Structures are given as structure tokens and as C-alpha cells.
Amino acid sequence: MIRVLRINITFIIFLALAFELKATIVTGRVTCGGLAVTGVSVSDGRSVVYTGTGGTYSINTPLDMGYVFISVPSGYEVPAQDNIPQFFRRLDASQRKAVADFELVLVDQNKCNIIVFNDIHLTGD
């Protein structure tokens with residue numbers, strides 16, 4: 001029984017070390033006009049972290065995820081490059097450490113127009 005327990009513990013430690021060897025540490029900063037933005041969620045699709053008071057974050061992500069992205073907070077937008085919003089960064093699988101910074105643009109979201117369309121289908125027997 002003790003031998004089986006030792007083998008199981010050894011296997012679990014081996015899996016944990018194997019995961020760490022295939023992981024990338026991604027660090028970065030989220031800013032708006034050069035100023036830090038706190039509380040922005042950054043994710044790799046599995047884990048979520050939030051930016052601290054300096055707008056910085058750090059996330060340990062498996063290499064197979066291949067990217068990190070932010071959830072754009074209210075009152076901000078992300079710039080676009082070639083009509084592609086820049087809310088994500090691709091990761092280089094060959095790097096053990098990566099830097100992925102994000103820039104936000106402050107926008108006034110107090111005025112908006114909403115158009116509602118409705119297509120009601122009534123059935124009855």
C-alpha cells in the first residue's frame with residue numbers, strides 16, 4: 001500500500017514538473033495614454049489574472065494555448081491594426097518568457113443608439 005502511494009505521489013510530482021517545463025511566463029502592462037489601468041482581466045483561455053496598481057500582470061500559461069488576451073473594460077476600446085482589434089497577443093512557443101503589453105483608448109460611452117428589431121412568430125392550434 002505504501003509503495004503504491006509513493007508511486008502515485010512520484011507520478012503527480014512528475015506531471016507537475018512536466019507542466020512547468022512546457023509553460024511560458026507572460027508578463028505585461030495595460031496602459032491608456034501611458035498611464036496604468038488597474039483591474040483589467042488578462043487570460044490565456046484557461047486562467048485569468050487581473051492587472052495590479054501599476055497596470056502590470058503575470059500569468060503562467062501552457063505553450064499550447066498560444067496567446068493571451070484582455071477583456072476590454074467599460075469606458076475603453078482597443079486600437080485596431082489592419083481592421084483587427086488588438087485585444088490579444090500571440091505567443092512564441094520557443095520562448096520561456098514573453099512580454100505582452102496592451103494599450104487602451106479612453107472613449108465616451110455615455111451616448112449610444114440602440115436599434116431593436118423583432119420578428120414574432122405566433123403559432124397556435
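**Strands, core and sheet in a predicted model**

Mentor: Let us begin with a pairing: strand 1 and strand 12 run parallel and are joined by three bridges. Please keep in mind that this is a predicted model.

Trainee: Which residue in strand 12 is the bridge partner of Thr31?

Mentor: The bridge partner of Thr31 there is Glu103.

Trainee: How does strand 7 run relative to strand 12?

Mentor: Strand 7, residues 76-77, runs antiparallel to strand 12, and two bridges join them. Within strand 12, Val105 stands opposite Glu77.

Trainee: Stepping back, how many helices and strands does the chain have?

Mentor: There is one helix, together with twelve strands.

Trainee: What share of the chain is buried?

Mentor: Buried residues make up 24% of the 125 residues.

Trainee: And the contacts, what share joins residues 24 or more positions apart?

Mentor: Among contacts with a separation of 6 or more, 61% are between residues 24 or more positions apart.

Trainee: Now the core. Which residues touch the most other members?

Mentor: The largest nonpolar core has 16 residues, and those touching the most other members are Val26, Val30, Tyr57, Val68, Ile70, Phe102 and Leu104. Two or more residues come from each of strand 1 (23-32), strand 5 (56-62), strand 6 (67-70) and strand 12 (102-106). Strand 1 supplies the largest share, three residues. As general background, nonpolar side chains in soluble globular proteins tend to be buried together.

Trainee: What does Phe102 touch?

Mentor: Leaving out neighbours within four places in sequence, Phe102 is in contact with Arg29, Val30, Thr31, Tyr57, Val68, Phe69, Ile70, Gln86, Phe87, Phe88 and Arg89.

Trainee: Why does Phe87 count as partly exposed?

Mentor: Phe87 counts as partly exposed because its relative accessibility is 33%, a value between the limits of 20% and 50%. Phe88 is also partly exposed, at 24%.

Trainee: What is the bridge partner of Phe69 in strand 10?

Mentor: Phe88 is that partner. Strand 6 and strand 10 run antiparallel, with three bridges joining them.

Trainee: What is the strand order of the open sheet of four strands?

Mentor: The order is 4-3-6-10, and the pairing is antiparallel. Strand 4 (48-50) and strand 10 (88-90) each have a single partner strand, so one side of each is left without a neighbour in the sheet. From one strand to the next, the twist averages 20 degrees.

Trainee: Changing topic, where is Ser43?

Mentor: Ser43 lies in strand 3, which covers residues 41-43.

Trainee: Is Ser43 buried or exposed?

Mentor: Ser43 is buried, because its relative accessibility is 8%, and the limit for buried is under 20%.

Trainee: What does the side chain of Ser43 reach?

Mentor: That side chain reaches the backbone oxygen of Ser47, at 2.8 Å. Setting aside residues up to four places away in sequence, Ser43 touches Val48, Ile59, Tyr67, Val68 and Phe69.

Conventions
Residues numbered from 1 in each chain as written. Predicted model: local features only at pLDDT ≥ 70, side-chain atom pairs only at ≥ 80, totals over all residues. Heavy atoms only, no water. Buried < 20%, exposed > 50% of the residue type's maximum accessible area, 1.4 Å probe, protein only. Polar contact = N/O pair within 3.5 Å; in protein donor to acceptor, adjacent residues only side chain to side chain. Contact = heavy atoms within 4.5 Å. Core = buried A, V, L, I, M, F, W, Y, C linked by side-chain atoms within 4.5 Å. Pairing = 2+ DSSP bridges. Axes fitted to C-alpha atoms, helices over the stretch in contact; angles between N-to-C directions.
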